[in-house]
Amino acid sequence: MQPDRLALLAVVALPFLGAAVAPLVYRVLGERTAYFAAAVAAACLGLVGFVADAVGTGGTAYVVEWIPSYGVSLAFYVDGLALLIGTLASGVGVLVFTYSGGYMHGEPGQAKYYATLLAFMGSMLGVAFAADLIALFVFWELTSVSSFLLIGHYQDADASQYAARKSMLITVAGGLFMLVGFLLLAVVASGVPGVGSAFRLAGEGSILASAGPMVDALRAQGLFVPVLLLVGVGAATKSAQIPFHIWLPNAMEAPTPVSAFLHSATMVKAGVYLVGRFRPLLVGDEWTLVFGLLGLATMTVTAVLAVGASDIKELLAYSTASHLGLIVAGYGMSGYLGAETGAFHILNHALFKAALFLVAGIVAHEAGTRAIDELGGLARDLPITAGVTVVAALGMAGVPPFNGFYSKEFLFHAVYYTAEHAVADGGSVLWWALPVVAVLGSVFTFLYSIRFLMLFFGDRPDALGDVHSPPVAMWLPAAVLGALALVVGLGGVTGTFGVHLTPVESFVRAVMDSSLAPAEVGEHEFAYYLPTEVTPWLIMSAATIGVGAVAYPFFDRIRDGVRAVRSVDPLRPNWYYDGVTEGLDRSSAIDLVQTGDLRTYAVALSLALAALALGAYAAAGVAAPALDPAGLELALVVVLAVAVVAALAVAAAPSHIAGVLTLSILGFMVAIFYILGSAPDLALTQLVIETLVLVIFLLVLDKLPAFYGTVDRFRAARDAVVAGAVGLTVTVTVLLSTAGTPDDVIAQYFVEHGPVPAEHDPVFVNAGGGGNIVNVILVDFRAFDTLGEISVVAMAALSVVTLIAMRERGEIQ
């Protein structure tokens with residue numbers, strides 16, 4: 001296998017291996033497991049760099065067959081966008097794991113914490129590099145599952161449980177919509193000549209490689225808009241776009257390192273990654289209307305909500321949703337300007353927002369509070385943290401020359417360009433609302449960013465106690481992120497004088513190219529620098545900062561107004577969410593089904609399976625085969641009659657022992673049936689199993705009451721109906737499955753390949769090498785299936801032994 005392919009597989013597999021051994025490592029290293037996890041993340045970062053160096057950013061696919069019969073493969077794709085998300089997941093992971101070494105001191109559940117966080121990192125790396133729709137969906141859902149566990153880390157806290165359930169419900173539901181969109185894409189792709197595999201998303205012979213024919217096919221079948229909306233729902237729920245943004249503030253119940261990792265640099269980036277990945281296929285007028293408007297609305301609404309926040313992590317949560325809206329809005333604009341806006345702001349936002357989350361953790365950890373009104377003047381106690389905050393908060397505010405200014409400038413350019421050309425082409429003047437809304441949202445972004453910055457300056461509240469210096473493991477990762485954000489920002493300053501930060505510009509250019517539609521590809525170089533001439537978008541930036549500076553002295557009044565509006569229930573999405581979920585709880589029949597009675601569960605499961613099977617037969621229009629009793633031998637009729645009588649006797653048996661003994665008669669009649677059917681090997685197997693089961697049952701029955709007891713008529717009638725439905729289903733299934741007479745009889749294959757071949761080498765692999773065809777099928781042809789069955793039996797036996805031991809110790813009743 002080529003080194004680059006092996007390295008790419010290792011990038012995705014290594015975090016899961018680290019997660020598997022993390023509990024064992026914790027037993028040895030204790031809280032220093034954080035640095036083991038950081039080493040795993042560092043190894044992944046190195047492997048990402050190796051892959052980037054080996055194959056570049058032009059787009060390379062690697063395919064490992066997974067389910068060939070359905071065209072599903074474990075395919076990976078390396079391009080600029082994948083490398084950006086992979087670098088953020090592993091690079092920020094190194095810093096967050098290191099930070100956790102100080103922050104999580106004395107916290108409960110650390111073994112689970114590090115194992116789950118490593119599994120999440122692996123899932124996110126899988127999302128970044130997946131080039132197959134099914135593989136992408138699997139990794140996508142793994143991020144939801146692992147984030148559910150991380151958000152609910154403090155599992156004894158009601159708020160933590162509520163937040164975990166909300167995030168799981170919203171993101172997983174959105175993922176199901178996305179899956180439907182993927183399946184529709186695959187159905188259409190199967191009829192497009194240039195697509196070699198219906199589920200292949202990127203690479204040679206993929207959906208994206210045949211974007212033009214795919215779009216024509218989607219529009220011809222009327223599926224373009226449905227696919228766009230279904231994929232959009234998946235992206236919107238994961239990236240907290242309105243009205244699905246409500247899960248993100250609650251997710252701040254997680255430990256701060258989780259917030260920094262999942263909700264600034266990785267998980268929420270999965271949604272914007274999806275938008276960037278599908279942009280070359282779906283970009284157009286409908287795309288701009290959906291994602292352009294959705295992104296700008298999210299950017300503005302959540303920025304307003306951030307101004308009304310009372311907790312520093314709540315402020316950062318709404319801020320995250322706002323900047324994700326900026327990225328979505330950027331990708332929503334057509335032309336290369338939209339692609340470069342989304343690509344550059346993914347990088348900038350990850351740097352300054354991860355730094356600010358780590359700052360928030362330091363403040364809460366050392367000051368003992370996260371309440372905004374109780375904090376101020378922290379720069380004297382936390383000078384390094386204050387320096388990081390200056391760089392990151394001003395970057396978040398979009399103040400030049402800090403890094404966030406340049407990508408926000410690109411957004412202003414993109415929305416102005418889109419509105420100008422739409423109106424010039426005869427569109428409505430309402431298109432000019434795009435730049436107006438972009439500026440409005442940016443003004444509120446400026447306000448909450450400066451408010452966060454002022455935690456470190458101004459007067460110190462009297463109620464604020466002693467603030468201690470954080471350990472190196474906490475301030476160093478924040479400082480590294482702040483330094484990187486500062487370097488990117490200063491790169492724009494040097495770029496003004498012709499000295500460009502070439503590695504950053506080349507990388508962002510590669511990310512931008514990944515999201516360009518075929519019609520947008522051209523000689524578009526990416527470079528960023530401070531403006532050297534007056535442009536409409538520069539005026540928009542100046543207006544943002546000017547209006548924000550004038551409005552900041554009235555911040556408290558603006559905040560109180562936002563809180564007053566937010567307190568009106570019909571204006572709160574959470575009011576609708578809580579009402580719907582509580583209504584579903586009240587209206588559900590959960591208390592009728594979840595009774596704790598095994599009989600109730602068996603009834604529901606049996607009836608459901610019978611209804612599904614019989615309904616499927618009816619829908620398929622199958623007919624039962626004609627029965628010809630003339631060919632039955634007298635001996636066979638007698639055996640079957642005895643079996644029927646034994647079955648009826650089981651129902652009338654007065655005790656456990658009588659029932660089991662009567663049931664064994666039925667088993668022995670089945671063995672005789674096999675003998676009469678010229679299958680003595682099956683008969684022998686049946687006799688052995690029947691005898692063993694009978695002996696085991698009799699040994700167990702010695703510990704049970706002697707009689708069944710009484711049962712009321714209603715329960716007896718219900719059980720009779722269930723048993724009859726199951727019996728009818730099994731009978732119909734057997735009749736239908738045995739009615740076919742295929743030309744290719746599988747039994748002949750077993751007969752030919754089961755025995756030892758006439759001529760063979762000392763070691764042969766093309767034959768079973770046994771004399772008993774049943775044994776050969778079980779241990780050779782069905783080897784893995786049999787191994788699985790044995791494993792299930794072994795696990796069940798261990799569970800029984802454990803329960804018995806616990807009962808003897810009095811741990812259970």
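User: Why are α4 and α11 called roughly parallel to each other?

Analyst: Helix α4 (residues 110-129) and helix α11 (residues 267-282) have axes that cross at roughly 5° and come within 10 Å. Angles under 35 degrees count as roughly parallel, over 145 as roughly antiparallel, 65 to 115 as roughly perpendicular and the rest as oblique; α4 and α11 are therefore roughly parallel. The axes are lines fitted to C-alpha atoms, for helices over the stretch in contact, and the angles run from 0 to 180 degrees between N-to-C directions. Helices are DSSP runs (H or I, at least four residues), numbered from the N terminus. The model is a predicted one, in which local features need pLDDT of at least 70 and side-chain atom pairs count only at pLDDT 80 or more, while totals for chains, interfaces and linings use all residues. Residues are numbered from 1 along each chain as its sequence is written, and side-chain values use heavy atoms, with hydrogens and water left out.

User: What makes α12 and α13 roughly antiparallel?

Analyst: The axes of α12 (residues 285-307) and α13 (residues 312-332) cross at roughly 160° and come within 7 Å. The two helices are therefore roughly antiparallel to each other. Their crossing is left-handed, meaning that the near helix is turned anticlockwise from the far one by less than a right angle. The contact includes Trp287 and Phe291 of α12 and Tyr318 and Leu326 of α13. Its residues divide into 14 nonpolar, 9 polar and no charged.

User: How is the packing of α14 and α16 described?

Analyst: These helices, α14 and α16, pack at an angle of about 155°, with their axes 9 Å apart. That makes α14 roughly antiparallel to α16. The crossing of α14 and α16 is left-handed. Among the residues that meet are Phe344 and His345 in α14 and Phe410 and Tyr417 in α16. The contact divides into 9 nonpolar, 8 polar and 1 charged.

User: How do you know that alanine 240 is buried?

Analyst: Alanine 240 has a relative accessible area of 0%. Buried means under 20% relative accessible area, exposed over 50%, and partly exposed in between (1.4 Å probe, protein chains only); alanine 240 is therefore buried. Alanine 240 lies in the loop between α8 and α9 and has a positive phi of about 55°, although it is not a glycine.

User: What is meant by the largest nonpolar core, and how many residues has it?

Analyst: A nonpolar core is a set of buried Ala, Val, Leu, Ile, Met, Phe, Trp, Tyr and Cys residues joined through side-chain atoms within 4.5 Å. The largest has 186 residues, and those with the most contacts inside it are Phe129, Phe278, Leu281 and Phe344. Helix α14 (residues 336-367) gives the largest share of this core, 18 residues. A second, separate core of 16 residues includes Leu326, Leu337, Leu411 and Val439.

Definitions and conventions: Contact = heavy atoms within 4.5 Å. Nonpolar A, V, L, I, M, F, W, Y, C, P; charged D, E, K, R; others polar.
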